[in-house]
Amino acid sequence: MAESASPEEVRLELMSFEEVSTALAQGYLTVLIPCGAIEQHGPHLPLCMDADHADALAAKVARHLGRTLIAPTIRVGCSAHHLALSGTISLRPETFEAICLDYCTSLARHGFRRILLFSGHIGNFPVLRDMLPRLRHGVSPEVEIDAFCDSITWIDRWRNAVRDAGGDPNAVGGHADIAETSLMMRLRPESVRLDRFEVGHLGALSEEQLELMWKRGIQSVTRNGIIGDPHGSTAEIGERCLAAVADLLAASFGK
């Protein structure tokens, strides 16, 4: 398998078992597990935003790391705080953990030695952080399992990328905002309802507001399900945001 293989060629579901065995023998011992969500993203974005984002990040991160395969994206995540808005599908944390554990034990059995989890849905971060010790306990000691869970740095990278592309960093809020809307204008432009842009909650959520959102749902802090502002979104901003977070993940996993 050539080092310059395209992202599609390193996705497990597109390979035969013989091709996976050959890749392992050639030193492709690292595998990414992208995680996403199927949840509301305001009136202007599709439910698949986080899952599409994870797919796209995986391709870039695999290319950065080299000799890395990509497991099928876990497209549904933990989104209980979005369930009041139609279409959202949420896994219980224990269900999400069971799926992640089954992925890890299956992949470790085949010979992968580095299993790296990340999520295009920031709401999965605390669940990933909590389960990580148990995932590690579920495989042999020679298998390394890691997960990226730093939401503060992620959002900061978005703000910097938006500013560098000429957008307003104050429009970044973390959900259906200028960053996520721009990402979908880059990844799936036909899905963005340009005539349905609305301003959501602006400014950082306080600890009290965050606690209220986890307990009572996102509509306790924003009526329309948006945290931030999608106005000013462009595909260029989306490309900058995608590259910035891919670089962040690659740097974290490359340590």
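Predicted model: local features only at pLDDT ≥ 70, side-chain atom pairs only at ≥ 80, totals over all residues.
Residues are numbered from 1 along each chain as its sequence is written, and side-chain values use heavy atoms, with hydrogens and water left out.

View A. Helices (H or I, at least four residues) and strands (E, at least two) are DSSP runs, numbered from the N terminus. Serine 191 has a relative accessible area of 10% and is therefore buried; buried means under 20% relative accessible area, exposed over 50%, and partly exposed in between (1.4 Å probe, protein chains only). The side chain of serine 191 reaches the backbone oxygen of arginine 188 at 2.7 Å. Leaving aside neighbours within four places in sequence, serine 191 is in contact (heavy atoms within 4.5 Å) with His44, Pro46 and Met184.

**View B. Isoleucine 178 in helix 6.** Isoleucine 178 counts as buried, at 1% relative accessibility. Glycine 232 is 54 residues from isoleucine 178 in sequence, yet their C-alpha atoms are 6.7 Å apart in space. Beyond four places in sequence, the contacts of isoleucine 178 include Val162, Asp168, Val172, Pro230, Gly232 and Ile237.

View C. At 36% relative accessibility, arginine 67 is partly exposed.

**View D. Histidine 53 in helix 2.** Histidine 53 is buried, with a relative accessible area of 0%. Apart from neighbours within four places in sequence, histidine 53 is in contact with Gly120, Trp154, Trp158, Leu183, Leu187 and Leu242.

**View E. The largest nonpolar core, with 76 residues.** A nonpolar core is a set of buried Ala, Val, Leu, Ile, Met, Phe, Trp, Tyr and Cys residues joined through side-chain atoms within 4.5 Å. Phe96, Ile115, Leu117 and Trp154 touch the most other members. Helix 8 (residues 235-253) gives the most to this core, with nine residues. A second, separate core has six residues, including Leu85, Leu205, Ile218 and Ile227. Not counting residues up to four places away in sequence, phenylalanine 96 touches residues including Cys35, Ile74, Leu91, Asn124 and Met131.

**View F. The largest pocket, with about 740 Å³ of space.** On a 1 Å grid over the protein atoms alone, a pocket is an open set of points where a 1.4 Å probe fits, with protein on both sides within 12 Å along at least five of seven lines; lining residues have an atom within 4 Å of a point. Grid points are joined across faces, edges and corners, and the volume is the space filled by probe spheres set on the points. Of the 32 lining residues, Ile122, Ser151, Ile155, Gly173 and Leu210 are the closest to the pocket centre. Helix 4 (125-137), helix 5 (151-164), strand 5 (172-175) and helix 7 each give two or more residues to the lining. Helix 5 gives the most, with six residues.

Note on methods
Polar contact = N/O pair within 3.5 Å; in protein donor to acceptor, adjacent residues only side chain to side chain.
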